[in-house]
Amino acid sequence: MNIVAEQPWLWAGLLAYLVATLVAMWGLSPRLVGSESVQSHRHERIVLGAIVLGVLLLTIAIAVRWVRIGHGPWLNLFELLMSQLWSLGLIYALLYWRLPGLRPSAAIVMLVMWILGSWVLLLEPADSYFPATYYNVWKWSHVGLGKVFLALLLAGVGLGGVMILRLTERGRRWFRAMPTDAVIDKLAWRLMMLALVFDSLMLITGAVWAQDAWGRYWAWDALETSAFFTWLLLAVGLHIRLSYKVPPWASGVMIISIFVLAFVTYFGMPYVSTVAHKGMV
Amino acid sequence: MMQVLSALASLKLTLLGMVLLGIGAALSYGNPVETSIWVLVMPLALLAINLAAAILTNPRINRQPGLLVFHVGLLGMVVLAGIGRLTHLDAHLEIGKEQAFSPELLMDVRKGPWHAGALDKVVFTQGGFTVDYAPKLRRGLTHSQVFLPQPDGSMLEIDVGDDRPLVLERYRFYTTHNKGFAPVLTWIPEEGERVSGRVHMPSYPLFEYKQDNHWIPPGTEEDIKFWLQLDTGMTLEDAWVLDGRNSSGVLVVTSGDQRVELKPGEETQLPHGRLRFDYLTTWMGYRVFYDPTIQWLFFVSVAGVFGLGQFFWKKLSLTAWTDDDSPTDNNNGTANKRGSV
Ligand code: HEM
């Protein structure tokens, strides 16, 4: 196997994420109820520090690859996963820092992050080529907004997961340090609202880019349809809460479904339709 | 009246409309042209009526400026998208080098019943083009030269390609991967007028292996077949630039059992007349797009999101993020307060 320049940095970044994951999980253990470092939340500093370190190492990995192949991580799945691991880590670290209420849910968030982490390890870091449509400046805002959107959903998944796991005795013990379900639910849907803002902006900038790139702003291709479903499900979720009393676990299921749809849009649709984001002869 | 409006404004109807819209979107997937437009129009109409009624009657929406702007924006987008569908035009165009645009050149035209653009005012002449290719025939930037007549009689040369369309009279001309070569031929019949014209060969390099076409001279039944042997410098391994000026071709002409190879400037005698291969030129394929609503759609959607942003900002800054301001609850899995977000 040929090792390319960015791989050691990628592995080091994932190692840092692994430390964050393990420490976050360790902090949940019911046996540590009396532990001084858990009570004083000292382990949370390690989790935050490890995520930040991981982000820094991934920054280097991306930069090294960028220099090596001459363009940013926009194109093949290896690049998309690597850059999502970077941005999800970065934005989640910010949320983790600013919103202490959600910290124990990092164990769930980091485990979900490992879907990307283990997937990227299985892929060849094949070079990608840069199609003509990617010179467009809208690419930056479209991709950037999408990253914030997905990170907000991911943080929501952590909270949704807590509300579901709290149906069990064990889950209630794991997440004993977190606020009540009502508070978690409120926080989660605030993140969903923000996600809707970023999702809407992502769709708008994407439509402008599509108009520039392909001469049409919307054509119900695989990616567009899937992205529209995600937006619609977010709207449905927000509106269901206006008409019905939603128990926390159901709230969690809704949030996770929205994330799953978004995940499929990002990482599944490139399998269904490759032409959308590539150039043709 | 108010009762009817309130019923129409039901948020349960909103959910129903959203589910129907989801189904419509699923049906439209991948095939917007063949799927009936009604699978989208019906749920959108339902949502629009529902939303308009809610905006008129529901203080939760019309007393909150940001939320109001957002929902009015949604309504505006539906209306604009509808107008867009009724007035749009979508078409393809193949235009040869040195050829002047004329509306008859449009192919695969699809347009809304209210389309009323000034296509006959669109005036330009196509020039040459270049396309950069990376190794393995990966298409890079296209530079297509277009000439626009100026009031002083001169010609303005502009460069369009990829995401830089030619925009004239709100018609947007986007270069596509569809482009190629065209031998310019002159037909000198035994009797009657000579005619000159170009035969567009299939898209290049996509159909590099079948650069053929045929033509029946007017007034005859002679089917003349053409095969163009090109030398464009194309390579699979290296980067190269497709450029008509650096390309040459030999035209193989077959009629009946007669077969000749013509270089530019050469001619041959066929049963009903003489055929001359004048020179080799190129053609560019465009996608033509007209929709007078796109700028408005952009503006309305951005304004809507700003409204939503303002609403959230106000809402989120009023109460702390993680404090419990709904004391009706505990963490035993019971329901949260209605709309407590
Ligand atoms: C079609 C896409 C739509 C989206 C994305 C959307 C989104 C939203 C959002 C995010 C909120 C704020 C939620 C909250 O305060 O908890 C909201 C509130 C609201 N929406 Fe919509 N909406 C849509 C369509 C509609 C329609 C068709 C109606 C018509 C009935 C409607 C009526 C309302 C009402 C009455 C509120 C009240 C908010 C409150 O109580 O604070 N929305 N909508």
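**Nonpolar cores, chain interface and salt bridges**

In the predicted model, the largest nonpolar core comprises 102 residues, of which A:Tyr17 and A:Ile51 touch the most other members. The greatest contribution to this core comes from helix 8 of chain A (residues 181-214), which supplies 13 residues. Because residues of both domain 1 (1-130) and domain 2 (131-281) of chain A take part, the core lies between these two domains. Apart from this core lies another, of 42 residues, which includes B:Val131, B:Val160, B:Met201 and B:Tyr290. The surroundings of A:Tyr17 were also examined. When neighbours within four places in sequence are set aside, A:Tyr17 is in contact with A:Ile51, A:Gly54, A:Val55, A:Leu58, A:Leu85, A:Trp86, A:Gly89, A:Met110, A:Met113 and A:Trp114.

The interface between the two chains was considered next. Contacts involve 64 residues of chain B and 58 residues of chain A. About 5,600 Å² is buried between chain B and chain A, with 69% of this area on carbon and sulfur atoms. Between these chains the count is 0 salt bridges, while 3 residue pairs are in polar contact, both residues having pLDDT 80 or more. On the side of chain B that touches chain A, at least two residues each are supplied by helix 2 (11-28), helix 5 (65-87), strand 4 (138-149), strand 7 (171-189), strand 15 (273-290) and helix 6 (294-318) of chain B. Helix 6 of chain B provides the largest share of that side, 11 residues.

Over all chains, the count comes to 17 salt bridges. One of these joins A:Arg103 to A:Glu44, with the closest N and O atoms 3.1 Å apart. This pair links distant parts of the chain, 59 residues apart: A:Arg103 lies in the loop between helix 4 (77-98) and helix 5 (106-122) of chain A, and A:Glu44 in helix 3 (residues 42-69) of chain A. Buried means under 20% relative accessible area; A:Arg103, at 16% relative accessibility, therefore counts as buried, as does A:Glu44 at 9%.

A salt bridge also forms between A:Glu169 and A:Arg172, whose closest N and O atoms are 3.3 Å apart. Both residues belong to helix 7 of chain A (residues 169-174) and are 3 residues apart, about one turn of the helix. A:Glu169 is partly exposed at 48% relative accessibility, and A:Arg172 is partly exposed at 31%. In chain B, B:Glu267 forms a salt bridge with B:Arg274, with a closest N and O separation of 2.4 Å. B:Glu267 is partly exposed at 35% relative accessibility, and B:Arg274 is partly exposed at 32%. Finally, salt bridges with shared partners join A:Glu6, A:Arg65, A:Arg68, A:Glu79 and A:Asp127 into one network.

Technical notes. Residues numbered from 1 in each chain as written. Chains lettered and ligands numbered in written order. Predicted model: local features only at pLDDT ≥ 70, side-chain atom pairs only at ≥ 80, totals over all residues. Heavy atoms only, no water. Core = buried A, V, L, I, M, F, W, Y, C linked by side-chain atoms within 4.5 Å. Buried < 20%, exposed > 50% of the residue type's maximum accessible area, 1.4 Å probe, protein only. Helix = DSSP H or I, 4+ residues; strand = E, 2+ residues; numbered from the N terminus. Domains from an automatic or database assignment. Contact = heavy atoms within 4.5 Å. Buried area = accessible area lost by both parts, 1.4 Å probe. Salt bridge = Lys/Arg side-chain N within 4 Å of Asp/Glu carboxyl O. Polar contact = N/O pair within 3.5 Å; in protein donor to acceptor, adjacent residues only side chain to side chain.
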